[in-house]
Amino acid sequence: MVGAGPAGFFTAEFLLRSESPSFAVDVFERLPTPFGLVRAGVAPDHQKIKAVTKTFERTAKNQRFRYFGNVEIGKDLSVAELQEHYDQIVFAVGSASDRRLGIPGEELGGCHAATAFVGWYNAHPDFRDFPFDLAAERAVVVGVGNVALDISRILLRSPDELAKTDIADHALTALRASRVREVVLLARRGPAQVAFEPRELEDIAGLTGVRVNVDAAPVEDELSGSGGLDARQKRNLELMLELARAKPQSAERVLRLEFNAAPVELFGDEAGRVRAVRIERTGLVPGTDGRLRAVGTGEFHELEAGLVFRSIGYLGMPLVGAPFDQTKGVIPNLDGRVTSGAGNEILPGTYAVGWIRRGPIGVIGTNKADAQAVAERMTEDVATLPAPGPEAARDAIDTLLGRRGISVTTYADWSRIDALEVDAGRATGKVREKFATVEQMMSGLLRAAPRDVE
Ligand code: NAP
């Protein structure tokens with residue numbers, strides 16, 4: 001298994017449940033720590049969602065499960081080496097990057113990917129040193145999915161409340177000094193087409209000191225339209241109408257939703273920092289796929305903002321040695337069986353699961369069904385596999401990693417890191433205090449149990 005996020009862990013769980021054949025699963029993870037987006041994506045003030053790690057803990061306790069943290073496939077070990085050492089390999093690497101707007105000014109200082117902000121406040125080592133400057137009073141977030149609402153909530157919520165969570169220490173310090181008072185969400189389509197879940201908007205509306213501003217007219221239009229709304233759309237519209245009609249109250253911070261608004265250019269100041277967004281009003285037309293598409297109306301306005309986040313989706317990245325579909329940002333596959341070349345030829349014993357299989361859509365639980373389906377394909381295919389070579393012996397991979405001098409972290413090492421983080425958090429009243437660099441994790445381990453990590 002390449003990747004220790006939810007898709008990887010759920011697949012491991014289904015494989016280990018099988019009695020015939022009996023699988024042994026080795027999981028490789030680039031970071032010393034497991035759990036992918038459960039650790040580095042789920043917002044720190046959504047602790048309940050993180051309880052899924054209890055299931056992963058149970059999987060990891062299985063005698064036939066091994067964890068190889070701090071091992072990067074494509075660098076420390078090649079995909080070809082994995083194929084030599086294992087009967088089957090599964091890519092569960094998720095979508096490590098983000099989509100870009102492709103508009104002028106996107107490279108200006110102060111314009112960021114929402115996904116980088118998420119990684120930063122969640123102490124993901126890749127984003128530890130991102131230069132998030134929260135000195136502006138207005139932030140614009142482009143896109144209206146659940147990630148957009150997550151980052152809006154983190155920007156608007158009282159830092160004292162965040163201080164009890166497992167938010168990264170560096171992020172909490174920056175948020176305490178933040179001058180952001182207004183977050184404007186730009187939806188390129190209408191209120192019926194927002195991608196977020198109603199409970200996420202409810203969450204923000206319920207925050208102390210925060211008001212949500214929505215224009216009632218477009219929401220009323222949708223609600224009084226010809227129907228065809230599903231339950232989520234209806235609930236979202238009802239909630240937005242409630243918020244639009246609520247008696248105006250003074251609030252320290254505001255979330256404002258702007259519909260039919262597509263950013264077309266970002267303007268910068270002399271220092272090369274974003275200062276305003278040029279927005280085109282849009283109308284909706286049916287696309288060839290039946291989905292309503294936003295089209296520009298030629299009417300423009302400008303909105304001042306010193307901070308802009310594009311929150312328009314994650315993007316899968318190619319892994320050296322594995323096939324990749326550049327257009328879709330996924331590993332090409334047929335129901336999880338990885339394919340290569342133009343002829344959709346199946347690569348025996350090679351699978352993909354989770355976001356890198358189907359694209360960056362769906363919540364953590366969505367990966368469960370995906371994992372089950374891929375585990376079933378793998379079970380079906382076992383009988384067709386060639387007899388294993390000498391490299392398939394389980395300790396051969398340990399020997400190879402040892403020869404290369406890779407400091408592998410085991411699951412027991414992760415448990416120690418976990419305990420250190422929880423202890424450090426307890427000292428300051430937080431759920432946990434995460435290590436934000438790989439060096440900190442490794443030196444923490446050395447302090448905790450010097451003999452085990454030599
Ligand atoms: P998403 O749900 O796909 O939302 C992307 C948003 O960006 C949509 O509003 C989309 O609008 C907009 N967009 C796309 N391209 C655009 C462009 N060029 N210009 C302007 N707007 C554009 O993606 P996400 O928010 O990154 O979330 C990813 C997945 O993780 C989702 O399935 C989400 O539910 C899940 N997630 C769940 C939670 C939770 O349950 N709490 C938290 C975080 C993430 P259009 O509809 O017009 O394309």
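The largest nonpolar core of this predicted model has 57 residues, of which Phe117, Tyr121, Leu201, Met240, Leu255 and Leu257 touch the most other members. A nonpolar core is a set of buried Ala, Val, Leu, Ile, Met, Phe, Trp, Tyr and Cys residues joined through side-chain atoms within 4.5 Å. Buried means under 20% relative accessible area, exposed means over 50%, and partly exposed lies in between, with a 1.4 Å probe and protein chains only. Leu255 touches Ser152, Leu156, Val183, Leu185, Leu201, Ile204, Arg211, Val212 and Asn213, where residues up to four places away in sequence are not counted. Contact, here and below, means heavy atoms within 4.5 Å. In soluble globular proteins, nonpolar side chains tend to be buried together.

The model is predicted, so local features need pLDDT of at least 70 and side-chain atom pairs count only at pLDDT 80 or more, while totals for chains, interfaces and linings use all residues. Residues are numbered from 1 along each chain as its sequence is written, and side-chain values use heavy atoms, with hydrogens and water left out.

**The ligand and its surroundings**

The ligand is surrounded by 23 residues, and the closest are Val144, Asn146, Arg188, Arg189 and Gly362. The shell divides into 10 nonpolar, 6 polar and 7 charged residues. In this division Ala, Val, Leu, Ile, Met, Phe, Trp, Tyr, Cys and Pro count as nonpolar, Asp, Glu, Lys and Arg as charged, and the others, Gly among them, as polar. Helix H6 (146–156) and helix H9 (198–205) each supply at least two residues of this shell, and the largest share, 3 residues, comes from H6. Helices (H or I, at least four residues) and strands (E, at least two) are DSSP runs, numbered from the N terminus.

| Residue | Ligand atom | Distance |
|---|---|---|
| Asn146 side chain | oxygen | 2.8 Å |
| Arg188 side chain | oxygen | 2.7 Å |
| Glu200 side chain | nitrogen | 3.2 Å |

Taken alone, the ligand exposes 920 Å², and the protein buries 83% of that. Accessible areas come from the Shrake-Rupley method with a 1.4 Å probe, and for residues only the protein chains shown count as cover.

In helix H8 (residues 169–176), the residues His170, Ala171, Leu172 and Leu175 are buried. Their cover includes helix H5 (114–121), H6 and helix H7 (159–162).

Lys430 lies in the loop between helix H15 (411–428) and helix H16 (438–448). Lys430 has a relative accessible area of 7% and is therefore buried. With neighbours within four places in sequence left aside, Lys430 is in contact with Ala163, Lys164, Thr165, Asp166, Ile167, Ala168, Asp169 and Gly425. The C-alpha atoms of Lys430 and Phe324 are separated by 41 Å, and the two residues are 106 residues apart along the chain.

Thr53 lies in helix H3 (residues 53–60) and is buried, with a relative accessible area of 17%. The side chain of Thr53 reaches the backbone oxygen of Lys50 at 3.0 Å. Beyond neighbours within four places in sequence, Thr53 is in contact with Phe35 and Val38.

Phe35 is found in the loop between strand E1 and helix H2 (36–40). At a relative accessible area of 4%, Phe35 is buried. Phe35 has a positive phi of about 90° although it is not a glycine.

**Other backbone features**

Most residues other than glycine have a negative phi, and most peptide bonds are trans. Asn70, not a glycine, has a positive phi of about 70°. Asn70 is found in the loop between strand E2 (65–69) and helix H4 (79–85) and counts as buried at 16% relative accessibility. The peptide bond from Ser20 to Pro21 is cis, with omega near 0°. Pro21 lies in the loop between helix H1 (6–17) and strand E1 (25–29).

Technical notes
Near = heavy atom within 4 Å. Polar contact = N/O pair within 3.5 Å; in protein donor to acceptor, adjacent residues only side chain to side chain.
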